[in-house]
Every structure is written in structure tokens, then in C-alpha cells.
Amino acid sequence: MSRAEELIRELIDRVAGEVGLIIWDMRPREELTDEEMSIILGIEINEVRRALFALYELGLAEYRRKRDEDTGWIEYYWRIKYDKQKDVLRRELEKVKRKLEEKVQYESENIHYMCENGCVKVRYEEAMELNFTCPRCGGRLEYLDVTEALDKIREEIKKIDEIIAEL
Ligand SMILES: [Zn+2]
């Protein structure tokens, strides 16, 4: 399995759950109603619907509504959009990357102090006002070295860039 495939599965699992993955793996060749899927998969219709709408929110499924001539009910005909896989993945990876970049920026622009007992994390200015004493436990506020943490985040950003480039 390629890295991209792995990631799209992780994403589906996180957003649409196990049922979402089962539907994804089903690879239906034609449109199916949620009811048909429910019968084929032996999974409760409400769970199938929930997963389908989660896939829809991600941009990995679309539906068409049609009124059933006999019953008069509206039926949903679903199609899974395998061709959108890369676009969705790129969008999600870029979202994650943006958050990481914001974190790097914030952490490099702000010096923080942390209670030696881990109760609070405050900015330098606030630590000074507190005389470097924790307001909760009276412990010492110590300089928080984020160099290593930032290196790790930068490393992660690099990996994301590599994956995006391979898509
Ligand atoms: Zn403390």
C-alpha cells in the first residue's frame, strides 16, 4: 500500500469511522442507495448513512436524490469519488502543515516559562510579573526550551512536503 493510500485510509477512519472504511473498500462500480449498501454490507442503515455523509463532508462521496415512483420516498443514490482521493489528501495535509507552521511561528516568537511541577505555562512577561513563582503551587517557573520540539515539528513539516510532492 502506498503512503498516500495509507493516509487516506487513516483520514477516512478518523472522520467516517470503520464503516466509512468498509464502504471505501467496497469499491462499488455503480451508484447505490444507502439501503442497498446496508443490505450488501450487513450494516445498520443509520451507520451506513452516517459514514456516507462523513465521506461526503470530506469530498469523497456524492449523492443524487431521486423520488421513488412507487413509495413516493426520496432515495439517495451514492457514488464514492475515488478520483478525488489525492485532492482531498492534499487539502488535509496542507491544513495540518499550516497548523504546524503557525505553532512554529508562535513558539519562536514567544518565550515561555513553565512551572517546575508542570502546573502552568506562561509567557516571559507574565513570568516576570509572577517573580518566576508558580501561582498555583509556589514552585519555580523555569525557562522552557522548545528548540528540540521545534526541530521535530520542522521535521514533520518536511515529511508532509515530501508526501505532497509525491501525490
Ligand atoms: Zn506549579
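The legends below describe close-up views of a predicted model.

**View 1. The packing of helix H4 against helix H6 in the predicted model.** Helix H4, which spans residues 85-109, and helix H6, which spans residues 147-166, have axes that come within 10 Å and cross at roughly 155°. Because angles over 145 degrees count as roughly antiparallel, H4 is roughly antiparallel to H6. The crossing in which H4 passes H6 is left-handed. On the H4 side the contact is formed by Arg-90, Leu-93, Val-96, Lys-97, Leu-100, Glu-101, Lys-103, Val-104, Glu-107 and Ser-108, and these meet Leu-150, Ile-153, Arg-154, Glu-156, Ile-157, Ile-160, Ile-163 and Ile-164 of H6. By residue class, the contact of H4 with H6 comprises ten nonpolar, one polar and seven charged residues.

**View 2. The largest nonpolar core, with Ile-80 among its residues.** This core has 18 residues, and those with the most contacts inside it are Ile-23, Ala-51, Leu-52, Leu-55, Ala-61 and Ile-80. At least two residues of the core are supplied by each of helix H1 (3-26), helix H3 (45-58) and strand S3 (74-80), and the largest share, six residues, comes from H1. When residues up to four places away in sequence are not counted, Ile-80 touches Ile-23, Trp-24, Pro-28, Leu-55, Leu-60 and Ala-61. Another core, of five residues, lies apart from this one and includes Tyr-113, Cys-115, Cys-134 and Leu-141.

**View 3. The crossing of helices H1 and H3.** The axes of H1 and H3 come within 8 Å and cross at roughly 100°, and the two helices are therefore roughly perpendicular to each other. From H1, the residues Val-15, Ala-16, Gly-17, Val-19, Gly-20 and Ile-23 meet Glu-47, Val-48, Ala-51, Leu-52, Ala-54, Leu-55 and Leu-58 of H3. The residues of this contact of H1 with H3 divide into ten nonpolar, two polar and one charged.

View 4. Val-15 counts as partly exposed because it has 15 C-beta neighbours inside 10 Å. Leaving aside neighbours within four places in sequence, Val-15 is in contact with Gly-20, Ala-54 and Leu-58. Between Val-15 and Arg-91, which are 76 residues apart in sequence, the distance from C-alpha to C-alpha is 14 Å.

**View 5. Gln-85 in helix H4.** With 20 other C-beta atoms within 10 Å, Gln-85 is buried, since a count of 20 or more is what defines a buried residue. Gln-85 and Gly-139 are 54 residues apart along the chain, and their C-alpha atoms are separated by 51 Å.

View 6. Most residues other than glycine have a negative phi. Arg-27 counts as exposed, because 8 C-beta neighbours are found inside 10 Å.

Methods. Residues are numbered from 1 along each chain as its sequence is written. This is a predicted model: local features need pLDDT of at least 70, side-chain atom pairs count only at pLDDT 80 or more; totals for chains, interfaces and linings use all residues. Axes are lines fitted to C-alpha atoms, for helices over the stretch in contact, and angles run from 0 to 180 degrees between N-to-C directions. Helices (H or I, at least four residues) and strands (E, at least two) are DSSP runs, numbered from the N terminus. Angles under 35 degrees count as roughly parallel, over 145 as roughly antiparallel, 65 to 115 as roughly perpendicular and the rest as oblique. A crossing is left-handed if the near helix is turned anticlockwise from the far one by less than a right angle, and right-handed if clockwise. Two residues are in contact if their C-beta atoms, placed from the backbone, lie within 7 Å. Ala, Val, Leu, Ile, Met, Phe, Trp, Tyr, Cys and Pro count as nonpolar, Asp, Glu, Lys and Arg as charged, and the others, Gly among them, as polar. A nonpolar core is a set of buried Ala, Val, Leu, Ile, Met, Phe, Trp, Tyr and Cys residues joined through C-beta atoms within 7 Å. A residue is buried if 20 or more other C-beta atoms lie within 10 Å of its own, exposed if 12 or fewer, and partly exposed in between; C-beta atoms are placed from the backbone.
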